[in-house]
Amino acid sequence: MNVAVILVAAGSGVRLGAGMPKAFAPLCGEPLLAHALRGVFGCGQVGHVIIVAPDFHVDQCRAAVRLLDGHRQAEVVPGGVDRSASVEAGLAALRHEDRIVLVHDVARALAPPDLFDRVIRAVRAGHPAVVPGLPVTDTVKVVDAQGRVLATPDRESLRGIQTPQGFLREVLQHAHAGGGSATDDAGLVERAGGHVRVITGDARALKITSPLDLLVATALLQDGQHAG
Ligand code: CTP
Ligand code: MG
C-alpha cells in the first residue's frame, strides 16, 4: 500500500511573529519546512510527498525541496483559508496508488522519521485512523466563557495529540467530505463515526506555535546534534 504524506505548511505563523509564513521561519539556520521534510524523507516507507504551501509561496517551497540532499521529490500545491481547506488541497493531489495518507503539520518540524514509521505500521496493522499522543502533564479544566470551572477530567485519560496522523485514504476522504471543522483530522474521523487509535507520540514532535516553542526546538536540535 503506497504511503503519501500531506505536509500542511500554508499557515501564516501569526503567533510566532517571525514576519514570514511559519514554514520559512529559521530554526538553527534552516527553514522549518526543511527540518520537517527531513523527518518525512527519513522514513523509508513514504512514496509520495505533497507540500501544501502558503499562497504566493509555492515557488519558495519548491526551492526548499531542491536544496535538500539526495534529489528528493515533492509536489507543491497552494493551500486554503484554514487548515482543513489546506488538507483538502493536499487530498486533491493524491495519486491513484496512494492508499495510506499521513497528514503532518510543518509546525511539528522536528517529528523524527521513527514516528512516521510507527504511525504507518499501526495503519498497516489494521487501524484505519492512528494518532500519536503523549500523557498530559498539566491538570486540564473545562471552563465557561466567564472562566467558571465546569469540570476537571481525569488526567489519566487525557492525551496531547500530535501529528503525523495516519489514515486509510478512504477514511480520511470520507471524514473531510462531511465538512465542518476540527483542530485535527482525527477529530473529523471521530465526527464521521470512525474509530481512532492513539499510539505513543514523541516529545520532539512538539508544536512550534510561539517564540518560546522555537527556543525549545533550538535546544532539542542542538542536543540531538551533540548526541549524534
Ligand atoms: N495550516 C495550513 N493552512 C492554513 C492554516 C494552517 O496549512 N490555512 C497549517 C500550518 O502551516 C501548520 C498547521 O496547519 O503547519 C497548524 O497550524 P498552526 O500551528 O496554527 O500554524 P499557523 O496557522 O501558521 O500559525 P498561526 O495560527 O499562529 O498563524
Ligand atoms: Mg493557525
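A salt bridge is here a side-chain nitrogen of Lys or Arg within 4 Å of a carboxyl oxygen of Asp or Glu, and by that criterion a search of the whole structure, which is a predicted model, finds 10 salt bridges.

**View 1. The shell of residues around ligand 1.** In this predicted model, ligand 1 is surrounded by 18 residues, of which Val8, Gly13, Val14, Arg15 and Ser86 are the closest.

**View 2. Polar atoms facing ligand 1.** The side chain of Arg15 places a polar atom 2.8 Å from an oxygen atom of ligand 1, and an N or O atom in the side chain of Lys207 lies 3.2 Å from an oxygen atom of ligand 1. From the backbone, a polar atom of Gly80 is found 3.0 Å from a nitrogen atom of ligand 1. Taken alone, ligand 1 exposes 560 Å², and the protein buries 86% of that area.

**View 3. The salt bridge between Arg38 and Glu30.** The side chains of Arg38 and Glu30 meet in a salt bridge, with an N to O distance of 2.9 Å. Arg38 counts as partly exposed because its relative accessibility is 41%, a value in between the limits of 20% for buried and 50% for exposed. Glu30, at 28% relative accessibility, therefore also counts as partly exposed.

**View 4. The salt bridge between Arg62 and Asp59.** Here Arg62 is joined to Asp59 by a salt bridge, in which the closest N and O atoms are 3.5 Å apart.

Methods:
Residues numbered from 1 in each chain as written. Chains lettered and ligands numbered in written order. Predicted model: local features only at pLDDT ≥ 70, side-chain atom pairs only at ≥ 80, totals over all residues. Heavy atoms only, no water. Near = heavy atom within 4 Å. Polar contact = N/O pair within 3.5 Å; in protein donor to acceptor, adjacent residues only side chain to side chain. Areas by Shrake-Rupley, 256 points an atom, 1.4 Å probe, with all protein chains shown as cover. Buried < 20%, exposed > 50% of the residue type's maximum accessible area, 1.4 Å probe, protein only.
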